[in-house]
Amino acid sequence: MCGIVGYIGTKIATDILISGLERLEYRGYDSAGIATVLEGKITCIRAKGKLFNLREKLENQVNPSQIGIGHTRWATHGKPEERNAHPHLDMNEKVAVVQNGIIENYRELRQELTLKGCKFLSDTDTEVIPHLIASYLSESSSLLEAVQKAITHLTGAFAIAVIGADYPDELIVARQQAPLILGLGQGEFFCASDITALIPHTHAVVTLDNGEIARLTPLGLEIYNFEGDRIKKQPRTLNWSPMLVEKQGFRHYMLKEIHEQPSVVRTCLEAYVNGAWNAERHPDFSPINLGLPAHFYDDLQRVDILACGTSWHAALIGKYLLEQVTGIPTNVHYASEYRYAPAPITPNTLTIGVTQSGETADTLAAIEMEKDRRNLLEKQFQPRLLGITNRPESSIVHAVDHIINLHADIEIGVAATKTFLAQVMAFYCLTLDLAYHRRSLPLERLQEIIEQLYKLPFAIETLIQEQEKKIEQLAHEFAETKDFIFLGRGINFPIALEGALKLKEISYIHAEGYPAGEMKHGPIALLDSKVPVVTIAMPGKVYEKALSNAQEAKARDARLIGVTSMNQKEAETIFNDILVVPEVEELLSPILTVIPLQLLAYYIAARRGLDVDQPRNLAKSVTVE
């Protein structure tokens, strides 16, 4: 995805645009640029690479313009070069456009526009948009009308912001399948791909929906649908503090967000769990309140979970919980695959979309496809759609019937940490609620699990306090390591996958996660003294098996790192290095075992001198296919 920001008001636009791009850079950092309008001329400054390169170009320039647009790019069409950076202009430099998304029919449009004499300077799909708009300006009464005509020719997903040299008092924005938020201030208005760019400037926001276009002027905000009909929308007030998008003394956002995880678990428990519930005194209502209607649970026969990346790993834990605790058959699908090879339709099925941002293109498309194909069938096949997201204002809210809000606040680091844990907590809450309604657990056992959940925030704090320095020192020994293996069994197998993914994402070390029992079926051939093996071995029903698998790796000279709460002396006879987690029953252990793996990945990447918060080639949310 890319990040776009726009401003019109009474202040110097450049300062606000750069500030906004700083808060959106996690969305893309291949290149960046801004465009402003002053005295009938568009000034466009672009730079390859990260935002500081653009900032350097702007240092000695004086630009009092009070209107402008900015962009930070994650490359799709065209290499990360300055000529492919946004904003893009038409031939006469009368129109400037920034875009997040993909114009699927850009080749056809480019060919048509070339035949009309347009000259293209980039390889991007976006450049067709300013040429299209410019072609309609002469026959339109306003910039808004020209943009309305142009977007009727666009196929694909896009969010755009447009300024015109001859229109110094209007900023036009439009949305189709890509996020766009408008901010309202005193005599000033903003647009951005994400609320994070708006928080320092305003708490009053309006979310554009698909098929909507808006005109921002110093006098007000007008919103229309693509057909030109005026739409009235009430702004909502954000309760987020600007402190949420600051590092607060931490070296990186990722480390700050790892440290925020105890409060994330507490917030989830406060939001959804009745801490005063007692099995004897309150047997007639569930201890969990997710706000889901009863029909979601009626005759439920199957659960399908759609997700990508880290969310997919959280979904795997959800699968384990739903099957082992409630007895409901559950499948976890990569959303990108499900779109083209969906599961057979079965009756009384709950479909869950898991997306941190609520904007993941593949997950949203898979949900919409599922909704469409089920709506054509009989009642028992009707869609039951649930979203799990950290952004209750996002697109997934419009795609599903209900959501579980993660309440994890803003996560800036590209590698998900606290939102992963919040997703896992959401699955625990959903599972316990279902277990109550299906009576798949005795009420006393339900109460016991809830009591243990309430102890976990303190356990996470203890873990970080006691293990962080040790993990930081251990990380120094792996700065030059080329390969890692992560092993887990049962409910901790997804944690092995997540630990490997975190290490890959931010340290660029090749890492793979495996079910520990599968090592001997092939991957064991990779092992030697240069390949560390991280084994999650928590006391429980697969404990002895996990230790046995670890011994097999040790016998091949692999350096063995254990994530365990086992007796220290016993652990020292098996593992070369031990990452100790507090004692907890196996069913709840993923909430703790993921923490040392996050810290290990972070400190290895930091030791290698890498940009932890903005790893190469990655963006926080993937809003294009």
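Reader: Is Tyr 508 buried, partly exposed or exposed, and what is its relative accessible area?
Author: This is a predicted model. In it, Tyr 508 has a relative accessible area of 25%, so the residue is partly exposed.

Reader: Where does Tyr 508 lie, and what is its phi?
Author: Tyr 508 sits in the loop between α15 (493-507) and β22 (510-515). Its phi is near 65°, a positive value in a residue other than glycine. Most residues other than glycine have a negative phi.

Reader: What about Asp 299, where phi is also positive?
Author: Phi of Asp 299 is near 50°. Asp 299 belongs to the loop between α7 (261-272) and β16 (302-307). With a relative accessibility of 60%, Asp 299 counts as exposed.

Reader: Which peptide bond is cis?
Author: The bond from His 86 to Pro 87 is cis, and its omega is near 0°. Pro 87 is in the loop between β4 and β5 (88-89).

Reader: Staying with β4, which residue range does that strand cover, and what is the place of Arg 73?
Author: Strand β4 covers residues 67-73, and Arg 73 is part of that strand.

Reader: Is Arg 73 buried or exposed, and how far away is the nearest side chain of opposite charge?
Author: Arg 73 is buried and has no salt bridge. The nearest side chain of opposite charge is that of Asp 30, 5.6 Å away. A salt bridge requires the nitrogen and the carboxyl oxygen to be within 4 Å.

Reader: What does the side chain of Arg 73 reach, then?
Author: The side chain reaches the backbone oxygen of Asn 84 at 3.5 Å. Leaving aside neighbours within four places in sequence, Arg 73 is in contact with several residues, including Cys 2, Tyr 29, Asp 30, Lys 79, Pro 80, His 86 and Thr 124.

Reader: Turning to charge pairs, how many salt bridges does the structure hold?
Author: The structure holds 33 salt bridges. One of them joins Arg 559 and Glu 477, whose closest N and O atoms are 2.6 Å apart. Arg 559 lies in the loop between α16 (543-554) and β24 (560-564), and Glu 477 in the loop between α14 (456-475) and β21 (483-488), so the pair ties together parts that are 82 residues apart in sequence.

Reader: How accessible are Arg 559 and Glu 477?
Author: Arg 559 is partly exposed at 24% relative accessible area, and Glu 477 is partly exposed at 47%. Elsewhere, salt bridges that share partners join Glu 81, Arg 83 and Asp 123 into one network.

Reader: And which residue does Arg 339 meet in a salt bridge?
Author: Arg 339 meets Asp 362, at 2.8 Å from N to O. Arg 339 is in the loop between α9 (335-338) and β18 (349-354), while Asp 362 is in helix α10 (residues 361-375), 23 residues apart. Asp 362 is buried, with a relative accessible area of 13%.

Reader: Why does the radius of gyration agree with a compact globule?
Author: It agrees because a compact globule of 625 residues would have a radius of gyration near 25 Å, and the protein chain has 26 Å. The C-alpha atoms fill a box of roughly 80 × 55 × 45 Å along the principal axes.

Technical notes. Residues numbered from 1 in each chain as written. Predicted model: local features only at pLDDT ≥ 70, side-chain atom pairs only at ≥ 80, totals over all residues. Heavy atoms only, no water. Helix = DSSP H or I, 4+ residues; strand = E, 2+ residues; numbered from the N terminus. Buried < 20%, exposed > 50% of the residue type's maximum accessible area, 1.4 Å probe, protein only. Lys, Arg positive; Asp, Glu negative; His and termini not counted. Polar contact = N/O pair within 3.5 Å; in protein donor to acceptor, adjacent residues only side chain to side chain. Contact = heavy atoms within 4.5 Å. Rg over C-alpha atoms; globule rule 2.2 N^0.38 Å.
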